[in-house]
Amino acid sequence: MAAILRRTLAASIVLLTGAAAPVGAAASPNSKVVTAHDGLRDLEPDLSGAFDRAHGLAVLVSRGESTSAILRVRGIERSAAGRSFGAHLHSGPCVAGDGAAAGPHYNTDTVAGKVPPRVNRSTEVWLDFTVGPSGAANAMAVVPFTPLPGNRSIVIHEKPTDHHGAAGARLACLPLSW
């Protein structure tokens with residue numbers, strides 16, 4: 001399993017950057033690769049949910065003023081097949097049992113102090129996905145900014161993202177730091 005994940009990660013880096021790079025290394029002097037692979041943290045520990053045994057892999061590649069992001073989630077309850085969920089990069093850390101710790105969506109307008117901030121696919125990282133029959137899902141997004149370093153999280157929400165950026169309750173998260 002670990003070998004498959006390493007190959008998947010390496011292939012993701014090649015696809016995103018257009019150049020081969022060792023896992024965890026930048027593909028070129030102008031790019032940065034950030035990865036996270038771990039079991040998802042349950043944000044609703046008192047409830048049984050589709051993501052209780054799931055694990056995720058995230059790869060973010062920043063080159064210049066843009067970032068490509070890939071999210072792969074495996075081990076989702078098969079009963080969730082066909083359902084769509086919202087997933088976003090959040091500004092705070094992923095803490096099991098504490099969805100509020102993840103803070104709001106990471107929004108480049110908010111970081112830049114723009115008031116009011118725009119909320120859309122170009123100011124935030126939206127990684128919505130639909131669960132397949134095997135309990136797996138993939139998502140990809142490209143945004144015209146590079147997130148600032150810090151302890152962040154990718155939060156999975158109960159509903160797909162609407163045009164206002166809302167996606168319902170926070171179900172699970174994946175820690176992501178750089």
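Visitor: Where does Ala80 lie?
Guide: Strands here are DSSP runs of at least two residues, numbered from the N terminus. The model is predicted. Strand S4 covers 66–74 and strand S5 covers 84–85. Ala80 lies in the loop between S4 and S5.

Visitor: Is Ala80 buried or exposed?
Guide: Buried means under 20% relative accessible area. Ala80 has a relative accessible area of 3%, so Ala80 is buried.

Visitor: Which residues does Ala80 touch, not counting residues up to four places away in sequence?
Guide: Contact means heavy atoms within 4.5 Å. With that cut-off, the residues touched by Ala80 are Ala50, Phe85 and Val131.

Visitor: Which strands stand at the edges of the open sheet?
Guide: Four strands form this open sheet, in the order S2-S10-S9-S6, with antiparallel pairing. An edge strand has a single partner, so one side is left without a neighbour in the sheet. The edge strands are S2 (41–42) and S6 (87–90).

Visitor: How many bridges join strand S9 to strand S10?
Guide: S9 spans residues 151–157 and S10 spans residues 170–177. The two run antiparallel. Val155 stands opposite Cys173 in S10. The number of bridges joining S9 to S10 is seven.

Visitor: Which residues of the largest nonpolar core touch the most other members?
Guide: This core has 33 residues. Among the elements giving it two or more residues are S1 (31–39), S3 (55–63) and S8 (137–143). The residues that touch the most other members are Phe51, Leu71, Val73, Ile76, Leu127, Phe129 and Ile154.

Technical notes
Residues numbered from 1 in each chain as written. Predicted model: local features only at pLDDT ≥ 70, side-chain atom pairs only at ≥ 80, totals over all residues. Heavy atoms only, no water. Buried < 20%, exposed > 50% of the residue type's maximum accessible area, 1.4 Å probe, protein only. Pairing = 2+ DSSP bridges. Core = buried A, V, L, I, M, F, W, Y, C linked by side-chain atoms within 4.5 Å.
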